[in-house]
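Below are my notes, in the order I looked things up.

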4 protein chains.
Amino acid sequence: MAPRIVNKEQKKNEIMLAAMRVFAAKGAAKAKMTDIATEAGIGKGTIYEYFHGKEDIFAAAFNYHFQTIEDATRATITSSKDPVTKLNLLVQHSLRIFLSDSGEFAEIMMDFWAEGIRNKDSKILKIIDLNQIYINYRKYISDILTEGIQSGIFRGLDTNAMSSVLIAALDGLSLQWIMARETFDLQKAADIMLDGFLNGIIKS
Amino acid sequence: MAPRIVNKEQKKNEIMLAAMRVFAAKGAAKAKMTDIATEAGIGKGTIYEYFHGKEDIFAAAFNYHFQTIEDATRATITSSKDPVTKLNLLVQHSLRIFLSDSGEFAEIMMDFWAEGIRNKDSKILKIIDLNQIYINYRKYISDILTEGIQSGIFRGLDTNAMSSVLIAALDGLSLQWIMARETFDLQKAADIMLDGFLNGIIKS
Amino acid sequence: MAPRIVNKEQKKNEIMLAAMRVFAAKGAAKAKMTDIATEAGIGKGTIYEYFHGKEDIFAAAFNYHFQTIEDATRATITSSKDPVTKLNLLVQHSLRIFLSDSGEFAEIMMDFWAEGIRNKDSKILKIIDLNQIYINYRKYISDILTEGIQSGIFRGLDTNAMSSVLIAALDGLSLQWIMARETFDLQKAADIMLDGFLNGIIKS
Amino acid sequence: MAPRIVNKEQKKNEIMLAAMRVFAAKGAAKAKMTDIATEAGIGKGTIYEYFHGKEDIFAAAFNYHFQTIEDATRATITSSKDPVTKLNLLVQHSLRIFLSDSGEFAEIMMDFWAEGIRNKDSKILKIIDLNQIYINYRKYISDILTEGIQSGIFRGLDTNAMSSVLIAALDGLSLQWIMARETFDLQKAADIMLDGFLNGIIKS
DNA sequence: AATGAATGAGGCTTCATTCAT
DNA sequence: GATGAATGAAGCCTCATTCAT
């Protein structure tokens, strides 16, 4: 009486993940709908039952990626009370996300960044708002720093600028790791970085 | 009566610069050959007198960009003897390049990075070897750090890791600036960053 | 406990009528099977339980439309004995059919005509034989005219040609009405037309 | 120094005519861009150098068709002073256009009508305004009738309604001819029709 | 009997590249 | 050398039809 029953939400997610794998492998621009369909193990036309088109998939992947990170980050941060521990957790956590799935999605970041930058003014695709994501991210860290200052652990400092620096260092290191996964020790570099960072802000 | 004398090399360069402007404006993937021709003020077919195709232009732009930076960086560094001054110059110089031409070419970096990452193994397009560029870059900074250590100015430290961190911070800050040029003070953030960085490595 | 009893013939008819409504609204070419299913309030797949495909529905609608007209016309004509009355009834009746259902199906005529014309040779789809329908239609009118001539009411004339003219005028007026329902008074135009037509053929 | 020189306007026209031939042969809906390209003896992509897309070609053909008719009609009418002669010329002329090119474009009318009707409200494609064309057409004829009335040749009558009837008869006869070119004598039917029409309006 | 999820052939359109002038 | 008209491979998307449930 009824046709095949599918969990539409779940299948949509599966397609999106397949798309992300293809994006990561060959870049969003060179990813063909056929590639995505094949990777998802479905027919070309089926994709359109779940997405409006290629841009829609990209936007979904974009938001999924950053939302996942944001959610996890928020959870991580609130799991501790000590600002230093919080920062430590934040960095470790960021790396873990990046390295998870055997770093499968790391390459995507470049496409997300590239597209996110290009769409920074476009009112049309406000779905992709990379700047807002960074603003949020800085706010998280800024709050931790302010906390640390108020509790006398950190020196008085430009919390917003320092947040930018910490994020920058993390992004930049990840970038270098993507280019040379085998030879670049991301974990170690990040540890050294955070060490120096904390050294510079903790009251001696 | 000699034929019109055109400096082929110069014209090729002009086309490449036109291409970079288009790449920056709409992304390499969405840049059409027609756009480039129009921007360069020439006919579409003429481009093929100077380049083999779109990929060729991209590769040329890629190498030009990084070569320019590398050359200038090398020149900058050697203009001083003091490691601290050298690092200062390096950072200031990097920003200047980035902000030059009113930051016209900043957006391109994302495409370069994206493509550079994707081609990290590709034996075919060894022309684009982003990793090697980063290796070189780390080497420059590493050398400065080593110099500083030997002359007793800097503490003993993992020079390679510290180089990575410095580059990472610079890249990451630039990224944040691209996304919000009006509201993000790149110069200030970089100054604060370098200040903290030097603080951490200079012997007290 | 007998299974739900559905009058297959009736449901088929319902689907066809739904299809006609969609055809009328957006044209047969742009009518999607989904539209028809939605309009009929059933599932897309169900249509195929009653029809072989879209062409089948179109053919069915085509024949239904003209058969309905033909049947009704025949009934109308035989309800009177006087040739003049017959022609009057014929015209009034044709208009009524056209204007019925608030002219819902009027737009369809164009698609029927277009497709009917295109298939004028096609041995395959002999189901759609618009020319035959017109031949029949002319025969009806021709017979009435002959009747009138024999009973001395009408002047001697080319009955076949005059039939064509009457049909032509009716078709053409309907066409003009379709294009401007609000401003074109079809009833009045038809009355004037028939008045002139009868004037020309009735013995003075 | 310069590429192939082409008369763009002329080539555009050629493509449009090729398209009309294809439209006539298989209907606008079933006409593929490939068919048009082949018919025009050019590559598929070349069409897009002259038209924005399929709809654009259709609209161009539509307007060309009616504009041609309108222009020629206007010229024909003004070539005489006598209302009766004018009407005669108008009818003969209309048939000639229809039968010209061996009636190659006759079938198109159905698609034009169908599409013109469907677009009667669409503000978007005001390019295709069939109703306006009919309004103009009725005006031409109406003016002739008024002329005849004023000069005492025609009886007083509803000029607008009579115009509609004349156009209707012409359209309707053409329609019947399209369906059975071999067996239907359009010229004769039109003559008989006009004869009756004039009989009805000329003062005895 | 009824359904709608899945499909892929087929169509439209884009655009890098070629080449006649 | 320069050009832009011409091209067709390639990609995105539509939608009639199938079929498992």
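Housekeeping next. I am reading a predicted model, where local features need pLDDT of at least 70, side-chain atom pairs count only at pLDDT 80 or more, and totals for chains, interfaces and linings use all residues. Residues are numbered from 1 along each chain as its sequence is written, while chains are lettered from A and ligands numbered from 1 in the order in which they are written.

**Chain A by itself.** I looked up the secondary structure and found nine helices and zero strands. I take these as DSSP runs numbered from the N terminus, with helices being H or I of at least four residues and strands E of at least two. The C-alpha trace spans about 70 × 40 × 35 Å along its principal axes. I call two residues in contact if their C-beta atoms, placed from the backbone, lie within 7 Å. Among contacts in chain A between residues at least 6 apart in sequence, 57% join residues at least 24 apart.

**A against B.** Here I found 37 residues of chain A in contact with 36 residues of chain B. On the chain A side, α6 (108-118), α7 (130-150), α8 (159-179) and α9 (186-201) each supply at least two residues. The most come from α8(A), with 14 residues. Sorted by class, that side has 21 nonpolar, eight polar and eight charged residues. My classes: Ala, Val, Leu, Ile, Met, Phe, Trp, Tyr, Cys and Pro are nonpolar, Asp, Glu, Lys and Arg are charged, and the others, Gly among them, are polar.

**C against D.** In this pair, 36 residues of chain C touch 36 residues of chain D. For chain C, α8(C) gives the largest share of that side, 14 residues.

**Symmetry.** How is chain C superposed on chain D? A rotation of 180° with 0.0 Å of shift along its axis does it, at RMSD 0.2 Å, using least squares on C-alpha atoms of residues with pLDDT of at least 70 in both. The two copies are thus related as by a two-fold rotation axis. In chain C, C:Ala169 comes closest to that axis, its C-alpha at 2.0 Å.

I found no contact between chain A and chain C, whose closest C-alpha atoms lie 10 Å apart. Chain B and chain D do not touch either, with their nearest C-alpha atoms 10 Å apart.
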